[in-house]
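Please open the model in your viewer and keep the selection panel at hand.

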Amino acid sequence: MASFRTLDDIGDVRGKVALVRVDLNLPMQDGAVTDLTRARAVAPTILELADAGAKVLLLAHFGRPKGERHSQMSLSLVQGAVENVLGREVMFIPEVAGPVAAQAIGILRAGDIGLMENTRFWPGEEKNDPEFARAIAANADLYVNDAFSAAHRAHATTEGLAHLLPSYAGRSMEAELRALDQALGNPQKPVAAVVGGAKVSTKLAVLEHLVARVDHLIIGGGMANTFLAARGVDVGKSLCEHDLAAEAEAIMDRADSAGCTVHLPYDVVVAKEFAANPPSIRISNVHEVAADEMILDVGPQAVEALGDVLKTCRTLVWNGPLGAFETPPFDAATVALAKVAAALTKEGSLVSVAGGGDTVAALNHAGVAADFTYVSTAGGAFLEWMEGRELPGVAALRP
Ligand code: ADP
Ligand code: MG
(Lines give C-alpha, C1' and ligand atoms only; values in the text may rest on other atoms or scores of the structure.)
(Ligands and ions follow the chains in the order given, each with its own letter.)
Protein backbone atom coordinates (compact mmCIF):
# COMPACT_ATOMS: atom_id res chain seq x y z
CA MET A 1 0.00 0.00 0.00
CA ALA A 2 1.28 3.44 -0.87
CA SER A 3 2.54 4.69 2.42
CA PHE A 4 1.05 7.63 4.26
CA ARG A 5 1.20 8.80 7.81
CA THR A 6 -1.62 8.02 10.21
CA LEU A 7 -2.52 9.14 13.72
CA ASP A 8 -0.03 6.53 14.93
CA ASP A 9 2.76 8.72 13.57
CA ILE A 10 1.44 12.04 14.83
CA GLY A 11 3.41 12.26 18.07
CA ASP A 12 2.48 14.52 20.96
CA VAL A 13 -0.45 16.74 19.97
CA ARG A 14 -1.09 18.26 23.39
CA GLY A 15 -2.05 21.92 22.94
CA LYS A 16 -1.53 21.75 19.18
CA VAL A 17 -4.14 23.03 16.75
CA ALA A 18 -5.23 20.19 14.46
CA LEU A 19 -7.26 20.94 11.34
CA VAL A 20 -9.37 17.86 10.64
CA ARG A 21 -11.07 17.60 7.24
CA VAL A 22 -14.23 15.55 7.68
CA ASP A 23 -17.36 14.71 5.70
CA LEU A 24 -20.28 16.35 7.50
CA ASN A 25 -22.41 16.72 4.41
CA LEU A 26 -25.27 15.20 6.40
CA PRO A 27 -28.60 14.66 4.67
CA MET A 28 -31.30 17.00 6.05
CA GLN A 29 -35.04 17.21 5.73
CA ASP A 30 -37.18 20.05 7.11
CA GLY A 31 -34.24 21.41 9.07
CA ALA A 32 -33.41 18.10 10.77
CA VAL A 33 -30.48 15.78 10.10
CA THR A 34 -31.89 12.48 8.80
CA ASP A 35 -28.78 10.27 8.78
CA LEU A 36 -25.75 10.37 11.07
CA THR A 37 -23.60 7.80 9.24
CA ARG A 38 -21.02 10.34 8.09
CA ALA A 39 -20.72 11.99 11.50
CA ARG A 40 -20.32 8.59 13.16
CA ALA A 41 -17.59 7.65 10.68
CA VAL A 42 -15.36 10.56 11.70
CA ALA A 43 -16.06 10.48 15.44
CA PRO A 44 -13.16 8.13 16.33
CA THR A 45 -10.57 10.44 14.76
CA ILE A 46 -12.02 13.56 16.41
CA LEU A 47 -12.25 11.95 19.83
CA GLU A 48 -8.79 10.39 19.60
CA LEU A 49 -7.22 13.76 18.85
CA ALA A 50 -9.27 15.61 21.46
CA ASP A 51 -8.47 13.00 24.10
CA ALA A 52 -4.79 13.35 23.25
CA GLY A 53 -5.12 17.05 24.09
CA ALA A 54 -5.24 18.61 20.63
CA LYS A 55 -7.41 21.61 19.86
CA VAL A 56 -9.51 20.04 17.13
CA LEU A 57 -10.86 22.21 14.33
CA LEU A 58 -13.30 20.52 12.00
CA LEU A 59 -13.33 21.57 8.35
CA ALA A 60 -16.12 20.38 6.05
CA HIS A 61 -18.28 21.38 3.13
CA PHE A 62 -22.06 21.34 3.20
CA GLY A 63 -24.14 21.41 0.02
CA ARG A 64 -23.14 23.48 -3.00
CA PRO A 65 -23.09 27.17 -2.01
CA LYS A 66 -20.72 27.97 -4.92
CA GLY A 67 -18.39 30.33 -3.09
CA GLU A 68 -21.02 32.43 -1.29
CA ARG A 69 -22.52 32.49 2.17
CA HIS A 70 -25.99 30.92 2.34
CA SER A 71 -27.51 30.67 5.81
CA GLN A 72 -29.41 27.48 4.86
CA MET A 73 -26.05 25.82 4.08
CA SER A 74 -24.30 26.91 7.26
CA LEU A 75 -22.55 24.09 9.09
CA SER A 76 -24.05 25.52 12.28
CA LEU A 77 -27.13 23.52 11.21
CA VAL A 78 -25.36 20.24 11.99
CA GLN A 79 -23.58 21.42 15.15
CA GLY A 80 -26.17 19.78 17.45
CA ALA A 81 -26.05 16.50 15.55
CA VAL A 82 -22.25 16.44 15.74
CA GLU A 83 -22.37 17.18 19.48
CA ASN A 84 -24.81 14.30 19.98
CA VAL A 85 -22.64 11.85 18.06
CA LEU A 86 -19.45 12.93 19.84
CA GLY A 87 -21.02 13.30 23.25
CA ARG A 88 -19.01 16.53 23.58
CA GLU A 89 -19.63 20.22 23.28
CA VAL A 90 -18.54 21.69 19.96
CA MET A 91 -17.88 25.40 19.45
CA PHE A 92 -19.14 26.78 16.15
CA ILE A 93 -16.75 29.20 14.41
CA PRO A 94 -18.45 31.21 11.61
CA GLU A 95 -15.21 31.55 9.59
CA VAL A 96 -12.34 29.29 8.45
CA ALA A 97 -9.55 31.91 8.48
CA GLY A 98 -8.83 35.49 9.42
CA PRO A 99 -8.99 37.37 12.74
CA VAL A 100 -12.38 36.05 13.87
CA ALA A 101 -11.22 32.46 13.39
CA ALA A 102 -7.88 33.20 15.06
CA GLN A 103 -9.61 34.73 18.06
CA ALA A 104 -12.02 31.79 18.41
CA ILE A 105 -9.18 29.28 18.12
CA GLY A 106 -7.29 31.27 20.74
CA ILE A 107 -9.91 30.57 23.38
CA LEU A 108 -10.00 26.79 22.72
CA ARG A 109 -8.33 24.74 25.43
CA ALA A 110 -6.49 21.45 24.92
CA GLY A 111 -9.09 18.80 24.06
CA ASP A 112 -11.72 21.29 22.84
CA ILE A 113 -13.46 20.85 19.52
CA GLY A 114 -14.41 23.62 17.10
CA LEU A 115 -16.58 23.35 14.01
CA MET A 116 -15.66 25.86 11.32
CA GLU A 117 -18.07 27.25 8.74
CA ASN A 118 -18.81 25.56 5.39
CA THR A 119 -15.53 25.67 3.47
CA ARG A 120 -17.41 26.14 0.17
CA PHE A 121 -18.67 29.57 1.28
CA TRP A 122 -15.30 30.79 -0.03
CA PRO A 123 -14.43 30.48 -3.73
CA GLY A 124 -10.84 29.60 -2.80
CA GLU A 125 -11.97 26.18 -1.58
CA GLU A 126 -13.04 24.66 -4.89
CA LYS A 127 -10.36 26.63 -6.80
CA ASN A 128 -7.76 25.13 -4.47
CA ASP A 129 -6.41 28.67 -4.05
CA PRO A 130 -3.05 28.51 -2.24
CA GLU A 131 -3.70 31.91 -0.59
CA PHE A 132 -6.93 30.61 0.89
CA ALA A 133 -5.24 27.42 2.09
CA ARG A 134 -2.36 29.41 3.60
CA ALA A 135 -4.82 31.63 5.48
CA ILE A 136 -6.46 28.54 7.02
CA ALA A 137 -3.14 26.86 7.76
CA ALA A 138 -1.82 30.01 9.48
CA ASN A 139 -3.88 29.22 12.59
CA ALA A 140 -2.90 25.55 12.85
CA ASP A 141 -0.04 23.13 13.57
CA LEU A 142 -1.12 20.04 11.66
CA TYR A 143 -3.65 18.63 9.22
CA VAL A 144 -5.59 15.39 9.37
CA ASN A 145 -7.70 14.25 6.41
CA ASP A 146 -10.53 11.92 7.41
CA ALA A 147 -12.75 12.56 4.38
CA PHE A 148 -12.04 9.87 1.78
CA SER A 149 -15.40 10.73 0.17
CA ALA A 150 -14.04 14.18 -0.74
CA ALA A 151 -10.55 12.98 -1.71
CA HIS A 152 -11.35 12.87 -5.45
CA ARG A 153 -11.57 16.67 -5.36
CA ALA A 154 -8.40 18.75 -5.34
CA HIS A 155 -9.80 21.50 -3.13
CA ALA A 156 -8.02 23.72 -0.62
CA THR A 157 -9.13 21.76 2.44
CA THR A 158 -8.95 18.31 0.81
CA GLU A 159 -5.62 18.71 -0.99
CA GLY A 160 -4.00 22.14 -0.62
CA LEU A 161 -3.62 22.04 3.16
CA ALA A 162 -1.69 18.78 3.00
CA HIS A 163 1.17 20.65 1.30
CA LEU A 164 1.30 23.33 3.98
CA LEU A 165 1.21 21.43 7.27
CA PRO A 166 2.43 18.08 8.58
CA SER A 167 -0.41 15.87 7.33
CA TYR A 168 -1.93 12.56 8.39
CA ALA A 169 -4.72 10.20 7.39
CA GLY A 170 -7.49 9.98 9.99
CA ARG A 171 -8.85 6.65 11.18
CA SER A 172 -11.75 6.53 8.74
CA MET A 173 -9.51 7.47 5.79
CA GLU A 174 -7.00 4.86 6.95
CA ALA A 175 -9.67 2.13 7.16
CA GLU A 176 -11.00 3.01 3.70
CA LEU A 177 -7.54 3.00 2.10
CA ARG A 178 -6.67 -0.28 3.76
CA ALA A 179 -9.90 -1.93 2.57
CA LEU A 180 -9.48 -0.66 -0.98
CA ASP A 181 -5.91 -1.85 -1.04
CA GLN A 182 -7.01 -5.29 0.14
CA ALA A 183 -9.63 -5.39 -2.61
CA LEU A 184 -7.73 -4.16 -5.65
CA GLY A 185 -4.28 -2.88 -4.73
CA ASN A 186 -2.79 -6.03 -3.25
CA PRO A 187 -5.62 -8.56 -3.23
CA GLN A 188 -5.48 -12.24 -2.50
CA LYS A 189 -6.27 -14.10 -5.71
CA PRO A 190 -8.49 -15.17 -7.33
CA VAL A 191 -10.36 -11.85 -7.43
CA ALA A 192 -13.94 -11.41 -8.59
CA ALA A 193 -15.56 -8.11 -9.47
CA VAL A 194 -19.30 -7.60 -9.70
CA VAL A 195 -20.22 -4.61 -11.81
CA GLY A 196 -23.89 -3.85 -12.23
CA GLY A 197 -26.15 -0.86 -12.34
CA ALA A 198 -28.05 0.88 -15.04
CA LYS A 199 -25.61 1.89 -17.72
CA VAL A 200 -22.27 0.91 -19.22
CA SER A 201 -21.61 4.54 -20.13
CA THR A 202 -21.18 5.58 -16.47
CA LYS A 203 -18.82 2.68 -15.77
CA LEU A 204 -16.72 2.22 -18.90
CA ALA A 205 -13.58 3.37 -17.13
CA VAL A 206 -14.30 1.03 -14.21
CA LEU A 207 -14.72 -1.96 -16.54
CA GLU A 208 -11.58 -1.09 -18.48
CA HIS A 209 -9.56 -0.88 -15.29
CA LEU A 210 -10.97 -4.09 -13.81
CA VAL A 211 -10.47 -6.45 -16.76
CA ALA A 212 -6.72 -6.19 -16.38
CA ARG A 213 -6.84 -6.81 -12.62
CA VAL A 214 -9.47 -9.37 -11.75
CA ASP A 215 -9.89 -13.05 -12.57
CA HIS A 216 -13.67 -12.94 -12.87
CA LEU A 217 -15.72 -10.00 -14.09
CA ILE A 218 -19.38 -10.52 -13.30
CA ILE A 219 -21.55 -8.14 -15.28
CA GLY A 220 -25.17 -7.65 -14.25
CA GLY A 221 -27.84 -4.97 -14.21
CA GLY A 222 -28.89 -2.95 -17.20
CA MET A 223 -25.30 -2.85 -18.40
CA ALA A 224 -25.28 -6.61 -18.98
CA ASN A 225 -27.88 -5.98 -21.70
CA THR A 226 -25.40 -3.85 -23.64
CA PHE A 227 -22.85 -6.66 -23.51
CA LEU A 228 -25.45 -9.29 -24.48
CA ALA A 229 -26.63 -7.13 -27.39
CA ALA A 230 -23.02 -6.68 -28.52
CA ARG A 231 -22.84 -10.48 -28.70
CA GLY A 232 -25.88 -10.56 -30.94
CA VAL A 233 -28.54 -11.31 -28.32
CA ASP A 234 -31.92 -9.66 -28.92
CA VAL A 235 -32.68 -7.91 -25.61
CA GLY A 236 -36.15 -6.69 -26.62
CA LYS A 237 -37.25 -3.50 -24.84
CA SER A 238 -34.52 -3.75 -22.19
CA LEU A 239 -32.47 -0.77 -21.09
CA CYS A 240 -29.53 -1.09 -23.50
CA GLU A 241 -26.90 1.22 -24.96
CA HIS A 242 -26.64 -0.14 -28.50
CA ASP A 243 -24.22 2.62 -29.45
CA LEU A 244 -21.68 1.17 -26.99
CA ALA A 245 -21.50 -2.25 -28.70
CA ALA A 246 -17.95 -1.63 -29.93
CA GLU A 247 -16.76 -0.56 -26.45
CA ALA A 248 -18.39 -3.66 -24.95
CA GLU A 249 -16.64 -5.86 -27.52
CA ALA A 250 -13.32 -4.19 -26.79
CA ILE A 251 -13.72 -4.81 -23.06
CA MET A 252 -14.51 -8.49 -23.69
CA ASP A 253 -11.47 -8.78 -25.99
CA ARG A 254 -9.22 -7.16 -23.42
CA ALA A 255 -10.57 -9.50 -20.75
CA ASP A 256 -9.75 -12.46 -22.99
CA SER A 257 -6.15 -11.45 -23.47
CA ALA A 258 -5.76 -10.64 -19.75
CA GLY A 259 -7.10 -14.04 -18.70
CA CYS A 260 -10.19 -12.53 -17.08
CA THR A 261 -13.40 -14.52 -17.40
CA VAL A 262 -16.41 -12.34 -18.17
CA HIS A 263 -19.67 -13.68 -16.75
CA LEU A 264 -22.87 -12.59 -18.46
CA PRO A 265 -26.24 -13.98 -17.35
CA TYR A 266 -27.63 -16.88 -19.40
CA ASP A 267 -31.04 -16.76 -17.78
CA VAL A 268 -32.82 -13.54 -16.89
CA VAL A 269 -36.03 -12.28 -15.29
CA VAL A 270 -38.17 -10.43 -17.82
CA ALA A 271 -41.48 -8.55 -17.84
CA LYS A 272 -43.52 -6.53 -20.29
CA GLU A 273 -44.02 -3.67 -17.84
CA PHE A 274 -41.70 -2.22 -15.23
CA ALA A 275 -43.79 -2.46 -12.06
CA ALA A 276 -43.79 -4.37 -8.79
CA ASN A 277 -44.72 -8.03 -9.30
CA PRO A 278 -46.07 -7.53 -12.83
CA PRO A 279 -48.36 -10.28 -14.21
CA SER A 280 -46.15 -10.71 -17.29
CA ILE A 281 -43.05 -11.67 -15.25
CA ARG A 282 -41.21 -14.82 -16.32
CA ILE A 283 -37.77 -16.37 -16.31
CA SER A 284 -36.22 -16.66 -19.74
CA ASN A 285 -33.10 -17.91 -21.43
CA VAL A 286 -31.30 -14.79 -22.73
CA HIS A 287 -31.87 -16.02 -26.28
CA GLU A 288 -35.64 -16.14 -25.85
CA VAL A 289 -36.47 -12.61 -24.72
CA ALA A 290 -39.50 -11.36 -26.68
CA ALA A 291 -39.47 -8.07 -28.55
CA ASP A 292 -41.91 -6.52 -26.04
CA GLU A 293 -40.08 -7.75 -22.92
CA MET A 294 -37.50 -6.11 -20.65
CA ILE A 295 -34.68 -7.80 -18.76
CA LEU A 296 -34.98 -6.59 -15.16
CA ASP A 297 -32.86 -9.06 -13.19
CA VAL A 298 -30.34 -11.88 -13.51
CA GLY A 299 -32.03 -15.29 -13.49
CA PRO A 300 -31.85 -17.91 -10.70
CA GLN A 301 -29.60 -20.38 -12.55
CA ALA A 302 -27.06 -17.71 -13.39
CA VAL A 303 -27.10 -16.48 -9.80
CA GLU A 304 -26.41 -19.95 -8.53
CA ALA A 305 -23.46 -20.28 -10.91
CA LEU A 306 -22.16 -16.87 -9.81
CA GLY A 307 -22.32 -17.98 -6.19
CA ASP A 308 -20.14 -20.96 -7.18
CA VAL A 309 -17.67 -18.57 -8.80
CA LEU A 310 -17.46 -16.56 -5.57
CA LYS A 311 -16.75 -19.78 -3.65
CA THR A 312 -13.56 -20.20 -5.70
CA CYS A 313 -12.40 -16.62 -5.02
CA ARG A 314 -10.57 -15.00 -2.11
CA THR A 315 -11.47 -11.41 -2.88
CA LEU A 316 -14.60 -9.65 -4.14
CA VAL A 317 -15.12 -6.05 -5.15
CA TRP A 318 -18.71 -5.07 -5.91
CA ASN A 319 -20.23 -2.00 -7.49
CA GLY A 320 -23.74 -1.88 -8.89
CA PRO A 321 -26.85 -4.01 -8.29
CA LEU A 322 -27.55 -7.03 -10.53
CA GLY A 323 -31.13 -5.95 -11.21
CA ALA A 324 -33.71 -3.22 -10.71
CA PHE A 325 -33.57 -4.01 -6.99
CA GLU A 326 -35.83 -1.16 -5.85
CA THR A 327 -38.83 -2.92 -7.43
CA PRO A 328 -39.74 -6.41 -6.17
CA PRO A 329 -39.04 -9.11 -7.12
CA PHE A 330 -36.21 -7.72 -9.27
CA ASP A 331 -34.07 -7.54 -6.13
CA ALA A 332 -33.82 -11.35 -5.99
CA ALA A 333 -30.47 -11.87 -7.76
CA THR A 334 -28.74 -9.02 -5.93
CA VAL A 335 -30.02 -10.22 -2.56
CA ALA A 336 -29.12 -13.87 -3.25
CA LEU A 337 -25.56 -13.15 -4.42
CA ALA A 338 -25.01 -10.63 -1.62
CA LYS A 339 -26.02 -13.30 0.89
CA VAL A 340 -23.53 -15.78 -0.60
CA ALA A 341 -20.77 -13.16 -0.43
CA ALA A 342 -21.69 -12.30 3.17
CA ALA A 343 -21.66 -15.97 4.22
CA LEU A 344 -18.26 -16.58 2.58
CA THR A 345 -16.92 -13.47 4.29
CA LYS A 346 -18.19 -14.66 7.66
CA GLU A 347 -16.53 -18.03 7.08
CA GLY A 348 -13.29 -16.19 6.47
CA SER A 349 -12.77 -17.41 2.90
CA LEU A 350 -13.57 -14.11 1.15
CA VAL A 351 -12.55 -10.48 1.54
CA SER A 352 -15.57 -8.50 0.30
CA VAL A 353 -15.49 -4.79 -0.44
CA ALA A 354 -18.46 -2.94 -1.92
CA GLY A 355 -19.34 0.65 -2.73
CA GLY A 356 -21.67 2.92 -4.70
CA GLY A 357 -24.81 4.75 -3.60
CA ASP A 358 -27.30 2.19 -4.89
CA THR A 359 -25.04 -0.72 -4.01
CA VAL A 360 -24.97 0.35 -0.36
CA ALA A 361 -28.77 0.67 -0.43
CA ALA A 362 -29.06 -2.80 -2.03
CA LEU A 363 -26.76 -4.43 0.55
CA ASN A 364 -28.69 -2.78 3.37
CA HIS A 365 -31.91 -4.01 1.78
CA ALA A 366 -30.41 -7.53 1.69
CA GLY A 367 -29.49 -7.12 5.37
CA VAL A 368 -25.85 -8.06 4.80
CA ALA A 369 -23.93 -4.75 4.74
CA ALA A 370 -22.47 -5.42 8.20
CA ASP A 371 -21.22 -8.85 7.10
CA PHE A 372 -19.11 -7.51 4.23
CA THR A 373 -15.47 -6.82 5.03
CA TYR A 374 -15.93 -3.18 4.09
CA VAL A 375 -18.74 -1.14 2.58
CA SER A 376 -17.69 2.24 1.24
CA THR A 377 -20.18 5.09 1.40
CA ALA A 378 -17.83 7.36 -0.50
CA GLY A 379 -19.79 7.49 -3.79
CA GLY A 380 -17.81 9.44 -6.40
CA ALA A 381 -14.45 8.88 -4.71
CA PHE A 382 -15.09 5.13 -4.58
CA LEU A 383 -15.95 5.02 -8.28
CA GLU A 384 -12.85 7.02 -9.24
CA TRP A 385 -10.78 4.62 -7.20
CA MET A 386 -12.47 1.70 -9.05
CA GLU A 387 -11.35 3.42 -12.24
CA GLY A 388 -7.78 3.18 -11.02
CA ARG A 389 -7.41 6.92 -10.71
CA GLU A 390 -5.10 8.56 -8.24
CA LEU A 391 -7.24 10.60 -5.81
CA PRO A 392 -5.61 14.01 -5.22
CA GLY A 393 -6.59 14.12 -1.55
CA VAL A 394 -4.94 10.75 -0.99
CA ALA A 395 -1.87 11.48 -3.11
CA ALA A 396 -1.25 14.68 -1.14
CA LEU A 397 -1.04 12.72 2.12
CA ARG A 398 2.07 10.87 0.99
CA PRO A 399 5.13 12.14 2.78
P1 ADP B 1 -24.33 2.52 -7.84
O2 ADP B 1 -25.08 3.74 -7.34
O3 ADP B 1 -24.22 1.47 -6.78
O4 ADP B 1 -23.01 2.86 -8.48
P5 ADP B 1 -25.79 2.54 -10.33
O6 ADP B 1 -26.26 3.93 -10.02
O7 ADP B 1 -24.82 2.38 -11.42
O8 ADP B 1 -25.24 1.85 -8.98
O9 ADP B 1 -27.02 1.64 -10.76
C10 ADP B 1 -28.13 1.41 -9.93
C11 ADP B 1 -29.41 1.39 -10.74
O12 ADP B 1 -29.37 0.42 -11.77
C13 ADP B 1 -30.59 1.03 -9.87
O14 ADP B 1 -31.47 2.13 -9.80
C15 ADP B 1 -31.23 -0.16 -10.56
O16 ADP B 1 -32.64 -0.11 -10.56
C17 ADP B 1 -30.71 -0.02 -11.98
N18 ADP B 1 -30.77 -1.29 -12.70
C19 ADP B 1 -30.14 -2.43 -12.40
N20 ADP B 1 -30.47 -3.40 -13.28
C21 ADP B 1 -31.33 -2.87 -14.16
C22 ADP B 1 -32.03 -3.37 -15.30
N23 ADP B 1 -31.90 -4.64 -15.70
N24 ADP B 1 -32.83 -2.52 -15.97
C25 ADP B 1 -32.96 -1.24 -15.54
N26 ADP B 1 -32.34 -0.71 -14.49
C27 ADP B 1 -31.53 -1.51 -13.80
MG1 MG C 1 -26.28 5.21 -8.37
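Which helices and strands each supply at least two residues of the shell around ligand 1? Select helix 8 (221–230), strand 14 (294–298) and helix 12 (357–366), which each do so; helices (H or I, at least four residues) and strands (E, at least two) are DSSP runs numbered from the N terminus. This is a predicted model, in which local features need pLDDT of at least 70 and side-chain atom pairs pLDDT 80 or more, while totals for chains, interfaces and linings use all residues. Residues are numbered from 1 along each chain as its sequence is written, chains are lettered from A and ligands numbered from 1 in the order written, and side-chain values use heavy atoms, without hydrogens and water.

**The ligand**

Next, display the 18 residues around ligand 1, of which Ala198, Lys203, Glu326, Asp358 and Thr359 come nearest (a residue is near if one of its heavy atoms lies within 4 Å). Helix 12 provides the largest share of this shell, three residues. By class, the shell comprises six nonpolar, nine polar and three charged residues; Ala, Val, Leu, Ile, Met, Phe, Trp, Tyr, Cys and Pro count as nonpolar, Asp, Glu, Lys and Arg as charged, and the others, Gly among them, as polar.

Turn to the N and O atom pairs within 3.5 Å. A polar side-chain atom of Thr359 lies 2.5 Å from an oxygen atom of ligand 1. A polar backbone atom of Ile295 is 3.1 Å from a ligand nitrogen, and one of Gly357 is 3.4 Å from a ligand oxygen. The protein covers 82% of the 580 Å² of accessible area that ligand 1 has on its own (Shrake-Rupley method, 1.4 Å probe).

**A buried asparagine**

Now select Asn118, in the loop between strand 6 (113–116) and helix 4 (123–127). Asn118 is buried, at 0% relative accessible area (buried means under 20%, exposed over 50%, partly exposed in between; 1.4 Å probe, protein chains only). Polar atoms of its side chain lie 2.6 Å from the backbone oxygen of Phe62 and 3.0 Å from that of Met73.

**Backbone features**

Move to Pro190, in the loop between helix 6 (171–185) and strand 9 (191–195). The peptide bond from Lys189 to Pro190 is cis, with omega near -5°. Another stop is the cis bond joining Pro328 and Pro329, where omega is about 5°.

Finally, select Asn128, between helix 4 and helix 5 (130–137). Asn128 is not a glycine, yet has a positive phi of about 55°, and counts as buried at 19% relative accessibility. Asn277 also has a positive phi, about 40°, but is exposed at 53%.

Note on methods:
Polar contact = N/O pair within 3.5 Å; in protein donor to acceptor, adjacent residues only side chain to side chain.
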